[in-house]
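Let us take a walk through this protein together. Have the sequence and the model at hand as you read.

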Amino acid sequence: MVRQNAITSSEGGATPTDESCLVRSVRDFRSDAFVGASSNGMTTFQTQIKGVDISLVNPLSDKRWDELVARHPKASAFHHRSWLDALARTYGDEPGFFTTSSPTAALGNGLVFCRIKSWLTGSRLVSLPFSDHCEPICDSAEEMNALICGSQAAFDFKHGEYLEVRPTSEDFGRSGAGMGFQPAARYFLHLIDLRPEVDELFRGLDKDSVQRRIKRAEKAGLVERCGSSDELLRHFYGLFVVTRNRHNLPPPPYAWFQNLLHCQGDALEIRVAYLDEIPIAAILTLGFRKTRYFKYGCSDARFNKFAATPWLLWRAVVAAKANGALEFDLGRTQLDNAGLLAFKNHWVSRHQLLTYWKFPGASSRDMSDGRMLKMAKRVFSHMPQRLLVATGKLVYRHIG
């Protein structure tokens with residue numbers, strides 16, 4: 001049963017529209033979904049699935065999304081408007097969210113995603129691209145089931161589309177598995193509990209791999225600069241390109257980090273370690289409520305003996321705690337990335353399994369797939385650094 005479509009005003013109210021022009025079901029939305037739901041307007045599509053009204057809304061133009069993210073315990077930095085805005089600005093990914101709340105009511109739930117349109121890796125809905133995790137925001141199994149049904153109705157199976165969700169809890173798996181979702185990828189997620197005192201936090205770090213390296217960096221006289229200036233971003237990106245080249249991977253475009261800096265404001269911090277004015281390592285973190293997120297790290301391998309990266313990370317942990325954070329999110333780690341897994345295990349011995357779910361479960365052309373990534377890395381390993389940077393500007397629109 002299709003319900004009336006409404007266009008909401010900037011104050012969040014709803015104005016009925018001509019049914020002959022604007023009434024569309026969620027299934028009609030499909031490939032041109034966000035032509036109507038642009039950032040300049042707040043078009044809301046509604047349908048009824050199993051007796052529940054489902055609305056599809058643009059989070060960049062509906063202030064209710066900001067209010068939901070600000071108050072709900074399941075919200076993270078990846079739900080925030082600033083992250084969605086940076087994705088849209090850089091890659092043209094079109095954001096939207098499904099909700100069971102009516103267009104005129106305060107939002108009680110939402111499943112946010114971006115539509116990626118790619119001739120190379122296939123079109124799909126992802127919740128969310130380039131995000132370590134993105135929990136559906138809801139308070140009950142009934143709401144979760146309704147949001148899943150709404151998302152399934154919004155993609156075009158006949159044209160090869162699929163839906164990928166990246167929850168942190170097992171709640172989605174319990175609901176999604178019964179609705180045709182299958183595990184698409186698995187990672188480990190490391191979270192540092194910042195409630196203990198600083199001295200206790202330090203004692204909990206691995207003595208040889210972390211504590212001694214932090215002390216070594218302090219003795220080396222490294223200098224840290226922290227902030228979100230253009231100069232720090234340039235130094236960070238220079239090290240990031242070098243690191244990606246070392247790993248045979250193209251870096252994301254510089255514009256991505258420029259947009260992150262612009263959209264995140266004070267929530268983003270770049271920390272760069274200098275040795276005699278030479279930038280030798282850098283990290284980029286995001287802040288949201290009581291959590292700090294370690295998103296990117298990079299270094300010049302010629303200076304590894306100075307242990308600048310763990311030193312920067314420890315300083316970020318201490319600063320986060322001093323600013324009232326209760327948790328430090330070290331991000332996802334691939335199960336087969338033994339080096340990165342060992343590094344994070346030295347910071348926090350316990351980790352949780354992070355499962356991404358996909359519907360339908362058929363294989364895709366996603367370049368993040370293990371086999372495709374290994375093939376791509378063999379090609380990237382033969383590219384000079386400049387060509388690798390240029391490649392990053394082209395391919396990141398197709399992955400995520």
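Predicted model: local features only at pLDDT ≥ 70, side-chain atom pairs only at ≥ 80, totals over all residues.

Residues are numbered from 1 along each chain, and side-chain values use heavy atoms, without hydrogens and water.

The chain has 15 helices and 15 strands, taken from DSSP runs (H or I, at least four residues; E, at least two) and numbered from the N terminus. Of its 400 residues, 52% count as buried, meaning under 20% relative accessible area with a 1.4 Å probe.

Now find helix α9, residues 207-219, whose buried residues are V210, Q211, I214 and A217. Their cover includes α8 (198-203) and α12 (308-322). Just after α9 comes G221, with a positive phi of about 75 degrees.

Next, where is there open space? Rolling a probe the size of a water molecule over the atoms shows where empty space is left. The second largest pocket holds about 290 Å³; a pocket here is an open set of points on a 1 Å grid, with protein on both sides within 12 Å along at least five of seven lines, and lining residues have an atom within 4 Å of a point. Of its 18 lining residues, A75, S76, H133, Y293 and E327 are the closest to the centre. Strands β9 (182-193), β13 (291-299) and β14 (327-334) each give two or more residues to this lining.

Key
1 Å grid on protein atoms, 1.4 Å probe; cavity = no way out; pocket = protein on both sides within 12 Å on 5 of 7 lines; lining within 4 Å. Points joined across faces, edges and corners; volume = space filled by probe spheres on them. Buried < 20%, exposed > 50% of the residue type's maximum accessible area, 1.4 Å probe, protein only. Contact = heavy atoms within 4.5 Å.
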